[in-house]
Amino acid sequence: MEKVISFIGLGNMGAPMLKSLLKAGYHVKVYNRTPEKARDVVTAGAELVENLADVAVPGGIVITMVSNDQALEEVTMGDEGFGQKLGEGGVHLSMSTVSPDTSRKLAEFHHQHNSHYVASPVFGRPDAAAAQKLFILSSGPNEAKERVKPFQEAMGQRVFDLGEEPGNANVIKLGGNFMIMAAMEAMAESFNLAEKNGIDRQVAAEVYASTLFNCTVYNGYGSMIANRKFEPAGFQLELGLKDCNLVLEEANAKQAPMPFASLLHDSLLASVAKGRGKHDWSALTRIASENAGLE
Ligand code: NAP
């Protein structure tokens, strides 16, 4: 069994995911741009590496969980990136939410360096990551996917194989995030309607989530939106805007109109303009409340 793994990115998601790997008995070499944030995982047993270029074990596996496409390209293909050092047979398990095109570009980069790329974005927030309950998507070469599977299984409750095309997992992830945004907006508008009729928003949330909409998204976000409690952020609104932009770029490229995504984009953009970029992305629903004269 492979025992050593490398990990880059200790944000809201990366830190609990790394701890799951430690719990499963792996030795984890970790790099984070801001090394101070690694204190907690080092106490839990991880080995902190100061330079990005030193994090990869030749022929080993590197997991990345950084913010966005630009950060992912930088840590992989930048002058100091780990990509060149990963070497023959190495696998990059890329778990950030990025565009399908970024995945295709990175897959090509790794191919040129005789290493492999597996796109593996996740569904689930930091609490799901801490409980090893993530849903993990996976696309890339079959052999590489098999090799990283034990690590994915240590971090999640189920792994979905989406074929060998590297962008597939990202397409499915973006579609899922669009559906979460749409559900949040739908909840907010219905709760506002209840409130304007003198009905408690929390009661409305409870009725919907325990009847027709008894699912993770309605249960998870319903009370946050009903109570208008948007801090601390599990998933920052500015990252939600990043995802909505990726959805629209893909919709545009493939001529698959997504008019509702355009509307959500404007609410996310207005929220960032109003200084809410670091709040939870469910704060996008404040725009609907403001439009209803409720804030
Ligand atoms: P986060 O808390 O903002 O953490 C981002 C991480 O990326 C930090 O470790 C940060 O390093 C690193 N980073 C950013 N820019 C970098 C750069 N240029 N070079 C090197 N490192 C860089 O984000 P998160 O919530 O963990 O999300 C990580 C990814 O998972 C995102 O793609 C997000 O869309 C996705 N995701 C998030 C959730 C969620 O609920 N939070 C759920 C599913 C998927 P520093 O510590 O130095 O800033």
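This is a predicted model: local features need pLDDT of at least 70, side-chain atom pairs count only at pLDDT 80 or more; totals for chains, interfaces and linings use all residues.
View 1. What is the form of the peptide bond from Glu231 to Pro232? That bond is cis, and its omega is near 0°. For context, most peptide bonds are trans.

**View 2. A residue with positive phi.** Let's move to another loop, the one between α6 (126-130) and β8 (134-138), where Gln132 has its place. Gln132 is not a glycine, yet its phi is positive, near 55°. Most residues other than glycine have a negative phi.

**View 3. The shell around the ligand.** How many residues surround the ligand? There are 26 of them, and the closest are Asn32, Thr34, Lys37, Ser67 and Lys242. Sorted by class, this shell holds 10 nonpolar, 10 polar and 6 charged residues. Both domain 1 (4-165) and domain 2 (170-291) take part, each giving at least three residues to the shell.

View 4. Arg33 brings a polar side-chain atom to 2.9 Å from an oxygen atom of the ligand. Thr97 uses its backbone instead: one of its polar backbone atoms is 3.0 Å from a ligand oxygen atom. Gly11 also takes part through its backbone, with an N or O atom 3.4 Å from an oxygen atom of the ligand. How much of the ligand's accessible area does the protein cover? On its own the ligand has 900 Å² of accessible area, and the protein covers 90% of that. Two elements, α3 (69-77) and α11 (237-253), each give two or more residues to the shell around the ligand. The largest share, 3 residues, comes from α3.

View 5. The domain assignment divides the protein into domain 1 (4-165) and domain 2 (170-291). Their C-alpha centres lie 28 Å apart. In the contact, domain 1 takes part with 18 residues and domain 2 with 20 residues. About 1,500 Å² of area is buried between domain 1 and domain 2, and carbon and sulfur atoms give 58% of it. Which three residues supply more than any others of the area that domain 1 buries against domain 2? They are Thr97, Phe123 and Arg125, which together supply 38%.

Methods:
Residues are numbered from 1 along each chain as its sequence is written. Side-chain values use heavy atoms; hydrogens and water are left out. A residue is near a molecule or strand if one of its heavy atoms lies within 4 Å of it. A polar contact is a pair of N or O atoms within 3.5 Å; within protein, one must be able to donate a hydrogen and the other to accept it, and residues adjacent in sequence count only if both atoms are side-chain atoms. Accessible areas come from the Shrake-Rupley method with a 1.4 Å probe; for residues, only the protein chains shown count as cover. Helices (H or I, at least four residues) and strands (E, at least two) are DSSP runs, numbered from the N terminus. Ala, Val, Leu, Ile, Met, Phe, Trp, Tyr, Cys and Pro count as nonpolar, Asp, Glu, Lys and Arg as charged, and the others, Gly among them, as polar. Domain bounds come from an automatic or database domain assignment. Contact means heavy atoms within 4.5 Å. Buried area is the accessible area (1.4 Å probe) that two parts lose on being put together, summed over both.
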